[in-house]
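Subject: Structure handover

Hello,

Here is the structure for your files. Notes on what turned up follow below it.

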Amino acid sequence: MEQVENLISDQGHAPQNENSSLAALSLTALGVVFGDIGTSPLYALKECFHVTHGLLPTQDNILGILSLIFWALILVISIKYLSFVLNADNQGEGGIMALTALLLHKKTPNEGNRKYLIILGLFGAALLYGDGMITPAISVLSAIEGLKIATPAVSPFIIPLTVIVLVILFLFQHRGTGKVGAIFGPVTLIWFLVLAVLGIQQIIRYPTILTAVSPHYAFRFMVHNGWPAFLVLSAVFLVVTGGEALYADIGHFGVRPIRLVWFTLVLPSLVINYFGQGALLLARPEALENPFYHLAPDWALIPLVVLATFATIIASQAVISGAFSITSQAVQLGFSPRLTVSHTSAKESGQIYVPAINWILMFSCIGLVIGFGSASNLAAAYGFSVSTDMVITTLLFFFVVREHFHWSIKRALLLCGGFLVFDIAFFGANFAKILHGGWFPLLVAIVVFTLMSTWKTGRSILAKRLREEARPVDSFLSEIQSSSCQRVSGTAVFMTGNLHIAPPALLHNLKHNQVLHRRIIILSVVTEDVPHVAKAQRCETENVGEGLYLLVVHYGFMDEPNLPGVLTELEVGDEPFLMMETTFFLGRETIILSDKPGMLAWREHLFKLMSRNAPSATSYFDLPPNRVVELGMQIEL
C-alpha cells in the first residue's frame, strides 16, 4: 500500500523504465478511474430495450444496439478522450475545471468571448454535482437489484438495503481513500475479469454476435427504427458515462497508465460482456429483465451481487471524491465561499473531504433512490448531465487547441466538429427525456451555477466598494512617518486582496487602538490558474519601510492554503515568524443592501445569506484561533 500511495503522490507521472512502478500505478488507476464506466454493464443494455423505446429483442435490434455500444466506446472514449482530450492538461491536472483554467490565464483580444467560455465551463462543473448525486444512487441500486433474480421475495427490501449501503458509504468518507485505496485496484481487476469470463461463455455459444463490430449494423438499426432508435442513444450513452472521469483523474495517475489499462483490460472486458449479454438475449429473450445477472449460473448469483456491490461502491467513491475536488477548486478560484476542507492523506493532496458537500450528496442520493424507486427510472436522469458536459468539453477543447496548441482553424474545426456530431446526438437523445428525470441534474446545475456566479460577482462588487473607500499604502506610510503613534513589540499580519491599498482592518486598528506593531505584514493570498505552485515560487516579499512589508503567498487552485506552515518557514526583515508573537488581524464585513448599481435584489439577498454563513478565514487558512483578532465593518453592496 505504501508503494502505491507514494506513486500517486508523484503528480501522476509514472517513472520511466520501471515496469513494476507502472504496473502498480496502473492497478491503482484501474480502481479509481474506471469504476464508473466499469459498472455500466449492470444496466446499460437492459435500458436500451426499456419498454418506453418500444423495441423488441430481435436479432437485428440486438446487433444494431451492440454495434452502437461498440462504436460509442471506440469514438468517445478511445479516440476523443484517450487520444486527444487527455493531452489538454493544465500542469498535469485534468477535468472540466482545469480545462476552463487554461482559458482563464490565456489573454485574448476578445475578452467578451473568453468570459462566455468561462461561464460555459463553470456550468459544466456545476453539472458534475448532479452526476455525483445520481451515480452512487443508480450504481448501488442496480447492483442490489440483482437479488431479485435469486430471490424475488427480497424485492420489498431492495430500497432499504440500498439506502443502508449509501449511508455507510458516506459515513466513511471522512476517513479518506488512502487506507482503502490499495484494495480498489485488485477488486476492480477481479470485476473486469469476471465481466470478461461471463461474456465469453455466451459468445462461444453464439459467435455470430461478434459481427456487431461492423458499423453497418448500427446504421441499419438507426435508419430502420427512426425516432425510437434515436431515443435509444440515451441508453447507449450509459456505456460511456465514465469518460469525464478519465480526464479528471490524469493529475493523479498520468496519461500513460490510463491508456494502458483501457486498451489492455477495460475496453476488451466491457466489449466482451456487452456482446455476451447480446448473445444471451438471442437465445433467451426473456432474460431481458436483467441480462447481466442472467449471464451468471445460479450458484454464482449471490457472490456476483456482492462483487457488483463492492464495484459500485468503488465507482461511487471516485465520483464523490470528484465532487470534493471540484468544490476545493471552486473555492480556490473564487467561485465559492470558504468551506471546511479536510485533507485525509499526508501523501496525496488530492484526497480531501468536504463535510458540507458530503452530507448534501448523501441526502440527495437517498432522496433519489426513494423518489425514483428503480435503476431504470434513474437512467433517464443519469445521462443528461454527462452528455451535456461532453458537449461543453468539446467546445472548450476547440479553443484550447486553437490558443495553446496553435492548430489552424480548419484542423480544429475538422476534429472538434467530428466530436460534436456524436456529442450532440447523445445530448439530444438525453434531452428528449428531460421530463422523465433529466430535469434533476439540470436543476442541480442551475442552482449550483447560480450560487457560484453570485458569489463571484458579489465578491467583485464588495472589493470594488472597499477600493472606493481605501487609502493607498504610500499615503498610509506618509501618515505614520509624520505621526507619533506608539509601536509595540511583535508582528501583526493584515490580510488583503490588494497590496496597493491599506487593509481596512489595519486602518481600524490604528484608529481605535492608536498603536502599531513593530513589524507589520500586509499579506495577500493569490490563487494561480495552475493546479500547484512550486515551493520555491510560493512567496514574494517587499520592504516598503517603517517596518512595513508586503507579502504575497501564491497557491495553485489544488493546493492546501496553510498559512502558518508557510510563514514559519519564512524570514521577513531577517527575522523568522514566531506564532506566539504574531497576531492576525482580519476584517469581518457586514453586508448592507442598497440601491447602488450591482446585482439584482434577489441575488444581493442571496449573496448576503452566503456571506453570513461562510466560514471565516481563520479556519480556511488554518490560522491559530488564539492569535486572531477580527475587526467588523459595514459595507453597502
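Which helices each supply at least two residues of the lining of the second largest cavity? They are H6 (96–104) and H7 (111–144), helices being DSSP runs of H or I with at least four residues, numbered from the N terminus.

This is a predicted model, in which local features need pLDDT of at least 70 and side-chain atom pairs count only at pLDDT 80 or more, while totals for chains, interfaces and linings use all residues. Residues are numbered from 1 along each chain as its sequence is written, and side-chain values use heavy atoms, without hydrogens and water.

Cavity
The whole structure holds three cavities of 30 Å³ or more (a cavity is a set of points, on a 1 Å grid over the protein atoms alone, where a 1.4 Å probe fits but cannot get out; lining residues have an atom within 4 Å of a point). H6 gives the largest share of its lining, four residues. Among the lining residues are Met-97, Ile-118, Leu-333 and Phe-335. By class, the lining has seven nonpolar, two polar and no charged residues, with Gly counted as polar.

Surface
Phe-157, Leu-161, Ile-164, Ile-168, Leu-171, Phe-172, Trp-359 and Phe-363 make a nonpolar surface patch of about 800 Å² (residues with over 30% relative accessible area and no salt bridge, nonpolar side chains joined within 5 Å; areas by Shrake-Rupley with a 1.4 Å probe; a salt bridge is a Lys or Arg side-chain nitrogen within 4 Å of an Asp or Glu carboxyl oxygen). Phe-157 sits in the loop between H8 (147–150) and H9.

Regards

Key. Patches are made of residues with over 30% relative accessible area and no salt bridge: like charges are joined within 9 Å, nonpolar side chains (Val, Leu, Ile, Met, Phe, Trp, Tyr) within 5 Å. On a 1 Å grid over the protein atoms alone, a cavity is a set of points where a 1.4 Å probe fits but cannot get out, and a pocket is an open set with protein on both sides within 12 Å along at least five of seven lines; lining residues have an atom within 4 Å of a point. Grid points are joined across faces, edges and corners, and a volume is the space filled by probe spheres set on the points.
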